[in-house]
Amino acid sequence: MALAREAYRALEDVVRPEYLTEEPAVLDGYCFVWGNDVIFGDNFAPRPHAVILPGSTEEVQGIVKVCNRYGIEFKAHSTGFVSAAFSSRTGFLSIDLRRMNKILEIDERNMYAVVEPYVSSCELITETIKRGLRSYNPAGPSTSIVASATSFCGLSSAQISAGFGGRTPLSVEWVLPDGEILRLGSLATGAGWFTGDGPGPSLRGVMRGYSGPAGGLGVITKAAIKLVPWYGPPQIETTGKPPSYRAEIPASFRVYTVVFPSRDQLFEALYLTSEEAISYACSRRGPFTMAAGMTASNKEVEEVWRGGYFQNKFAHSLSVVLDASSPREMEYREACLQEILRRTEGEIFPEDSRAQSARFVHAFTGQGGVKGTFRSTGAFITGANADEALKVLQKANELAYGLKDKFAKEGKILDDADSAWVTGYEDSAFGGHEELVVRYDPADPDSTRAAAEVMSLIDSLWLEKNIDIGAFAGCSHSSFEGSIHEIAGPKCLNYHIWMKKIKSAFDPNLVSESSFYVNPDVNNTSSANSQKSTQNDLDNKQPIT
Amino acid sequence: MALQDYKSDMVRCCRCSYCKWVPHMKMTNRRFATVCPSIGRYNFHGWSAGGRMVAGLSLLRGRVDYSKRLLDMIYQCQMDGGCDVSCKNQRDLEPLETMLALRARCVEDNQVVPTHAAIIDSLNKQDNMMDGSKTERGKWAEGLEVKELAKERAEVVYHAGCRLSFDEGLWPAAQRAVMLLRSAGVDVGIMGKAEVCCGGRAYEWGYQKELGEYAERNANAWDTAGVKTVVTSCAHCYQAFKVLYDKIGSKLNIKVYHITEYLNLLIGEGRLKLTTKVPVTVTYHDPCHLARLAEPWIHWDGVEKKVMGQLIVHDPPKEFRRGANGIYDIPRDLLRRIPGLNLVEMCRIREYGWCCGAGGGVKEAYPDFAIWTAHQRMDEAEATGAEAVVTACPWCERNFLDAARGGDVRIKVYDIVELVQRAV
Amino acid sequence: MTDAALGEMASLQTLRHIVGPHRFFDDSQSLETYSRDYSFVHPIRPCCVVKPENVEEVQAIVKWANSTHTPLVPVSSGPPRFRGDTVAGVGGAVIVDLAAMKKIIRIDNRNRVAMIEPGVTFGQLVDELRKEGLAPFLPLVPRKSKSALASFLEREPITTPRHHWEAQDPLLCLEVIYGSGDLFRTGSAAGPGTIEEQWEVGRAQVRAMGPGQVDFVKLIQGAQGTLGIATWATIKCRRLPDVKKTFLVPSENLDRLIDFVYRLMWKKLGSDCLILNAHNLAGILAKDYEHIGVLRESLAPWVVVFSIEGAGLLPQQKAAYQEAEFIEVAQMFGLEPMTVVPRARAEDVSTALSEPSAEPYWKLRFKGGCQDLFFLTTLDRSSEFAGKVYNLAGAYRYPAADIGIYVQPTVQGTNCHCEFTFSYDPQSPVETDRVKRFVADSSKILSHMGAFFSRPYGCWADIAYGGSAETIIALKKVKDIFDPNHIMNPGKICF
């Protein structure tokens with residue numbers, strides 16, 4: 001659907017004409033992304049009205065104001081590596097933030113970086129490790145650190161040491177859906193970028209929760225991201241040829257794959273490793289992901305997988321990466337790990353340099369994630385996430401695997417054994433994270449349907465078994481058009497109604513596209529919750545009006 | 001293969017944007033972290049390999065019609081293959097082949113870039129990509145007294161290529177090459193006026209028929225001349241002879257060398273000695289068609305199948321060309337053999353090098369973009385502290401020289417043979 | 001009696017009925033007690049005080065307040081109070097004192113989390129957690145009557161920056177009655193399932209984020225009771241160490257300690273890590289004015305207090321290697337860690353940091369009254385701010401030696417809480433006035449220098465919000481959602 005000419009001209013006035021287009025051939029690049037098939041039954045979502053590339057906060061503001069004036073829905077994205085960036089049932093103005101790609105500042109002493117939205121995590125890590133620092137690494141090295149931290153998810157292969165991404169934003173510059181600019185925390189008073197909370201209540205709470213609004217609440221144009229120490233060299237040396245580059249494991253690191261006799265023991269080891277706060281990364285990635293990450297092709301994966309040895313050996317395994325700021329510290333951490341292994345009957349599995357390199361780079365930048373997920377079948381869907389104490393994650397792991405396995409045996413999704421990813425959060429007193437990966441072929445409609453069905457079943461199971469909300473609380477494929485909120489909300493004190501109120505308050509003209517957030521026009525008429533307090537049974541309360 | 005044969009690949013593109021970056025494990029400086037000039041210049045996603053995969057799918061499904069913008073999206077690309085290397089680090093897809101098929105489809109549908117069409121028209125008449133007269137071809141060799149293989153025979157043919165033949169400013173590169181070969185006692189000749197295009201650049205623009213025709217003509221001409229070896233200074237020609245002819249089933253039954261390979265060989269045999277100091281600090285620019293695009297062709301004729309439910313494999317197993325086996329070390333070894341020369345490396349090198357900007361029809365149809373791309377590369381070269389950037393392809397050299405003309409660029413541009421000759 | 005007065009009486013009867021007569025107070029003495037605190041906010045008498053015992057009563061009170069448009073002021077901590085946020089900002093308010101809600105509902109040893117009601121003090125919490133081999137994360141020597149929940153709601157910094165991943169820490173989930181009267185639970189506590197059902201599957205209310213795409217707990221933190229009343233919270237705890245060693249690193253000037261502390265942050269060493277000046281260190285160790293005066297003369301002007309703890313699987317080894325690392329770092333900066341300094345032992349400091357303050361509250365021991373001036377900045381600017389405050393002291397004829405300074409790296413060293421304490425004799429109008437003006441004027445000057453008043457008590461609200469209209473607009477939107485009738489603590493922050 002074309003924009004009104006007057007609106008188009010108004011947008012052209014904000015950016016130069018070369019940065020705005022409504023050419024269909026160009027627009028198709030902005031409605032195509034993995035996972036669309038699960039939502040729409042087609043790789044293409046409906047086409048946006050136009051695509052625009054602002055180069056500054058002022059231009060973003062100008063665009064948003066035009067949208068408010070003319071009633072045009074808009075959504076911004078950075079690298080656009082997910083359905084939430086592009087997909088809605090009707091078109092909108094797609095704001096591509098590619099031109100906003102500056103690293104404005106790296107404050108070495110206070111350990112934070114101020115970046116624009118198109119800075120990828122690998123770019124930031126490349127520059128910060130030169131200064132003895134690193135950011136957390138979101139879903140792959142090409143993804144936007146700002147988008148991940150402020151607007152989407154924020155999970156990371158190294159979050160046990162680098163923190164959950166959603167907890168790393170400090171001050172933020174934010175163009176609200178109404179076009180006003182809000183600066184959070186110390187930035188609001190001109191004091192700098194060092195904190196995003198206050199004065200008073202923290203508006204970071206509006207910006208995102210477990211996940212972010214995926215473009216449904218305006219545009220983040222700059223963010224200060226908390227960094228953590230990096231104990232490795234200023235640059236990682238690599239050797240080898242594509243696709244098997246090998247990273248030289250720095251002297252201050254150790255990379256281990258540890259196998260356990262049982263799931264119980266694996267979880268106990270994860271728990272102890274988190275408690276002891278010794279690891280750079282510690283996660284269960286599933287044997288297929290491990291095999292995919294260390295091989296050069298699917299052919300090689302098949303060879304590794306044939307015979308069943310790999311999946312049996314690594315059924316209960318953890319990838320453990322240790323780092324240390326000194327040899328003395330490494331000595332302690334190794335001793336601690338050995339003690340953990342002794343208690344849990346864990347055994348370090350000797351791997352060659354290629355495998356070790358794969359584990360290391362995955363922890364370092366998330367590199368290898370695309371291999372592990374997309375190469376095998378073309379696409380994957382993830383969900384069935386649980387974020388809580390490790391005990392419930394273990395239960396979730398068992399439930400999910402059981403349900404998924406049935407579909408895998410029918411051949412419609414990849415039969416990749418137990419593909420759950422489990423990791424800790426920030427030295428454990430924050431629980432951990434678990435999610436299930438389901439690999440399917442987007443060129444095969446049956447496979448696509450099966451993947452969607454698995455995820456939907458697991459989302460329902462999660463609510464039924466009181467595991468968690470799932471669906472990444474709003475930004476996964478199965479939460480398109482807020483569907484998860486309408487189902488989970490009534491079971492969780494109608495949080496979705498509060499979200500809708502926030503949406504209405506901050507986006508009065510409803511121009512910030514919200515297919516992966518909430519739409520206040522969708523009413524929940526289900527009866528209110530019936531949850532008990534710790535002291536008494538509380539009667540259902542009326543939905544908030 | 002035709003565009004529709006790549007449909008599964010197009011559908012399976014996940015939009016990870018790896019095609020826009022150097023392989024992440026090779027990222028050492030964010031200033032030089034991108035690998036795709038196209039999206040670097042034009043910014044919209046369509047100007048990337050991933051974006052063109054989508055465009056191909058859109059075209060196949062009839063979602064879009066041809067337009068000037070679509071053609072710009074397809075042709076504002078040097079077809080340098082950096083995207084292909086980066087993608088294949090993680091995926092088993094064929095982005096570059098898909099883009100080639102997309103261009104072929106455009107030509108098939110008579111949707112062409114006017115500048116390209118004019119040059120191809122000239123090619124068909126004059127056998128060169130430089131809009132020059134075929135009667136003038138070979139003029140660069142006047143005074144060299146080198147064998148003319150239209151009339152004589154020789155073991156080795158030196159193929160100058162269209163750029164070197166008709167770009168008078170670059171004639172010294174060809175002249176030096178021939179003189180070096182002769183001084184090493186090589187029985188070398190040239191086709192002179194009878195030399196014709198390799199067909200490689202045309203192929204890259206989507207004109208596939210011409211490649212086959214020139215493959216046949218070149219093979220026949222060299223066969224008649226008794227040639228056993230073809231040596232060329234042009235990376236495009238090298239890639240055409242070595243890779244593309246094989247791809248289309250017209251593999252040459254003679255040896256194919258790039259001049260750097262052959263000079264290295266001669267030095268190794270003691271037939272050429274580099275004894276004079278050339279005290280200069282240089283950085284080497286890998287020409288795409290000598291580097292990642294020169295990886296030998298791997299024939300595969302099979303089917304895709306699934307195992308383990310949905311794991312995509314091939315029957316017979318398919319080896320993917322991922323850029324590992326291009327010519328990277330030989331030019332560097334050659335430079336290191338030059339006494340007194342100091343070689344420093346840029347950030348983006350080898351299979352993940354940044355393009356000079358001239359390929360894919362960009363130099364002809366989008367000269368500003370070609371120069372922009374070259375400027376990026378020369379900034380990177382200057383950042384190494386080198387006095388000069390050295391390359392091994394006349395298209396690269398020409399584009400760098402054109403970019404340096406602006407006055408902002410301090411770094412010198414050398415053809416590698418010039419430095420070798422100085423060292424003799 | 002007028003109709004209005006009759007109506008009010010009937011209304012208060014309803015309120016009395018909700019909590020029961022023994023927990024309803026409208027006598028003069030009670031009202032007077034809650035009408036003021038140690039801050040300089042204008043004293044305003046409430047109309048009554050209620051002390052609910054459970055969440056149902058709290059909810060009923062809030063609903064009553066909505067129907068009668070009565071302001072509510074939640075209070076959790078016992079006196080003495082200092083910030084002015086628990087003094088009514090308008091007349092006719094009801095103080096909701098949650099001190100009677102003092103259950104430690106659950107201690108989950110495995111997950112190191114405790115679920116506590118608002119009336120649970122640090123004193124109570126330390127003792128109960130100790131039985132489980134746990135300890136709370138503590139702010140700097142809190143007063144015994146301080147509510148732990150309130151402290152974390154206020155984003156008070158903890159003394160262990162290594163464990164402070166985000167400003168929100170160590171607070172996890174909350175149960176809250178919003179100003180609208182709705183009950184909500186934040187984070188993973190929201191559901192699915194009741195709290196007991198969650199425990200049954202192994203959940204422990206440890207995920208702070210959400211539910212959904214809003215971080216509800218962040219909106220309540222720092223709100224000074226203007227959005228709702230928290231009725232329980234889960235908080236992260238730490239293991240009681242098997243081994244603990246505390247060091248004091250003295251220095252003549254603050255600058256010399258800055259890079260040293262940055263290095264400790266970068267190496268993620270230790271547990272307690274903070275900087276005190278001589279007056280403050282003396283204050284937490286000594287028992288009265290005289291002793292503080294003597295002690296501070298013996299102490300170095302500045303001291304880093306740094307603790308190493310060994311807990312878990314290899315406590316001795318952990319403590320040993322961390323000590324060796326720490327000593328090495330100190331030597332790198334030409335500093336000498338000590339366990340004993342003239343007239344003070346690190347062990348005593350460690351003890352002080354591990355517990356709430358003995359009575360009287362340590363900040364009141366010097367002169368009987370005190371005012372804090374604190375804000376957030378970055379560690380590298382702390383010396384600049386300290387210098388400025390010392391400078392300004394002269395203009396207000398405040399004795400520089402009596403200024404207590406506390407510099408606390410927070411969020412693992414990303415920012416820094418900078419706190420100045422000014423003791424004064426509250427019986428002296430001259431001293432009181434002097435301190436009042438000093439704090440008010442200095443706050444403005446420091447704000448111009450870049451001090452960020454993230455916790456805008458009293459006069460800091462005008463400073464914090466003065467230049468950020470968009471923040472006020474956004475906060476008011478939040479206020480309208482969660483407290484649509486604006487009954488919660490009106491007159492505080494920007495409401």
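Two residues are in contact if their C-beta atoms, placed from the backbone, lie within 7 Å. By this criterion chain B and chain C do not touch, and their nearest C-alpha atoms are 23 Å apart. The model is predicted: local features need pLDDT of at least 70 and side-chain atom pairs count only at pLDDT 80 or more, whereas totals for chains, interfaces and linings use all residues. Residues are numbered from 1 along each chain as its sequence is written, and chains are lettered from A and ligands numbered from 1 in the order in which they are written.

**Interfaces of chain A**

Among the two pairs of chains that touch, the most contacts are between chains A and C. The table lists the two sides that chain A presents. Residue classes are nonpolar (Ala, Val, Leu, Ile, Met, Phe, Trp, Tyr, Cys and Pro), charged (Asp, Glu, Lys and Arg) and polar (the others, Gly among them).

| Side of chain A | Residues in contact | Classes on the chain A side |
|---|---|---|
| touching chain C | 90 residues from chain A, 91 residues from chain C | 40 nonpolar, 28 polar, 22 charged residues |
| touching chain B | 62 residues of chain A, 51 residues of chain B | 28 nonpolar, 19 polar, 15 charged residues |

Secondary-structure elements are DSSP runs, numbered from the N terminus: helices are H or I with at least four residues, and strands are E with at least two. On the side of chain A that touches chain C, the elements giving two or more residues are β9 (181–183), α8 (204–207), α9, α13 (327–344), β18 (379–388), α16, α18 (483–488) and α19 (495–506) of chain A. The largest share of that side, eight residues, comes from α19(A). Towards chain B, at least two residues each are supplied by α2 (24–27), α5 (121–128), α11 (298–305), α14 (353–365), α15 (369–377) and β20 (432–440) of chain A. There, α15(A) provides the largest share, six residues.

**Helix packing**

Axes are lines fitted to C-alpha atoms, for helices over the stretch in contact, and angles run from 0 to 180 degrees between N-to-C directions. Arg328(A), Glu329(A), Tyr332(A) and Ala335(A) in α13(A) meet Gln317(C), Lys318(C), Tyr321(C), Ala324(C) and Glu325(C) in α11(C). This contact has four nonpolar, one polar and four charged residues.

Within chain A, helix α9 (residues 263–276) and helix α16 (residues 390–409) pack at an angle of about 145°, with axes 10 Å apart. Arg263(A), Phe267(A), Leu270(A) and Tyr271(A) of α9(A) meet Leu390(A), Gln394(A) and Asn397(A) of α16(A). The residues of this contact divide into four nonpolar, two polar and one charged.

**Chain C**

Chain C holds 16 helices and 18 strands. Its C-alpha trace spans about 75 × 60 × 40 Å along the principal axes. The radius of gyration, taken over C-alpha atoms, is compared with a globule rule of 2.2 Å times the number of residues to the power 0.38. For 495 residues a compact globule would have a value near 23 Å, and the 23 Å of chain C agrees. Of the contacts in chain C with a separation of 6 or more, 72% join residues 24 or more positions apart.

A residue is buried if 20 or more other C-beta atoms lie within 10 Å of its own, exposed if 12 or fewer, and partly exposed in between, with C-beta atoms placed from the backbone. Of the 495 residues of chain C, 61% count as buried. In helix α12 (residues 346–354) of chain C, the buried residues are Ala346(C), Val349(C), Ala352(C), Leu353(C) and Ser354(C). The buried residues of α12(C) pack against β11 (243–251), α9 (278–285), β13 (302–310), β14 (340–341) and β15 (344–345) of chain C.
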